[in-house]
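Please look over the sequence and the model before reading on.

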Amino acid sequence: METLGPYVWYSTNVKDNSYVYEHFCINHTGKICWSKQNVSPQMAVIGNAYYYIRLLDTFRTIELRVCNATTGK
């Protein structure tokens, strides 16, 4: 879990697979701003950048990705 200002980022495992995760960004009102699927549980927020690892399948990571932390794009 990461926090910065009015935003919180967290990961949770997908119900049918305990090895695949989803990441969520929520704001101070609890509204989901964006989500990412098929990712590992690792994440980092540095400045306004959100870093995460995308999975090809359950046990194969494919790439380190980065997006805007507040928009998910």
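Which residue in β3 stands opposite Val14? It is Asn17 that stands opposite Val14. The model discussed here is predicted.

Strand β2 covers residues 7–14 and pairs with strand β3, residues 17–26, through 7 bridges. The two run antiparallel and form a hairpin with 2 residues between them.

Strand β2 also pairs with strand β1, residues 2–4; here 3 bridges join the strands, again in an antiparallel arrangement. Leu4 stands opposite Tyr7 of β2. The hairpin of β1 and β2 has 2 residues between the strands, and Gly5 in this hairpin takes a positive phi near 60°.

## Ser40 in strand β4

Strand β4 spans residues 32–46 and includes Ser40. Is Ser40 buried or exposed? Ser40 has a relative accessibility of 5% and therefore counts as buried, since the cut-off for buried is under 20%.

The side chain of Ser40 makes a polar contact of 2.7 Å with the side chain of Gln42. Leaving out residues up to four places away in sequence, Ser40 touches Tyr21, His23, Ile53 and Leu55.

## A nonpolar surface patch

Ile46 also belongs to strand β4. With 56% relative accessibility, Ile46 counts as exposed, because the cut-off for exposed is over 50%.

Ile46 is part of a nonpolar patch on the surface, together with Tyr51, Leu64 and Val66. The accessible area of these residues together is about 400 Å².

Notes: Residues numbered from 1 in each chain as written. Predicted model: local features only at pLDDT ≥ 70, side-chain atom pairs only at ≥ 80, totals over all residues. Heavy atoms only, no water. Helix = DSSP H or I, 4+ residues; strand = E, 2+ residues; numbered from the N terminus. Buried < 20%, exposed > 50% of the residue type's maximum accessible area, 1.4 Å probe, protein only. Polar contact = N/O pair within 3.5 Å; in protein donor to acceptor, adjacent residues only side chain to side chain. Contact = heavy atoms within 4.5 Å. Patch = residues over 30% accessible without salt bridge, like charges linked within 9 Å, V, L, I, M, F, W, Y side chains within 5 Å. Areas by Shrake-Rupley, 256 points an atom, 1.4 Å probe, with all protein chains shown as cover. Salt bridge = Lys/Arg side-chain N within 4 Å of Asp/Glu carboxyl O. Pairing = 2+ DSSP bridges.
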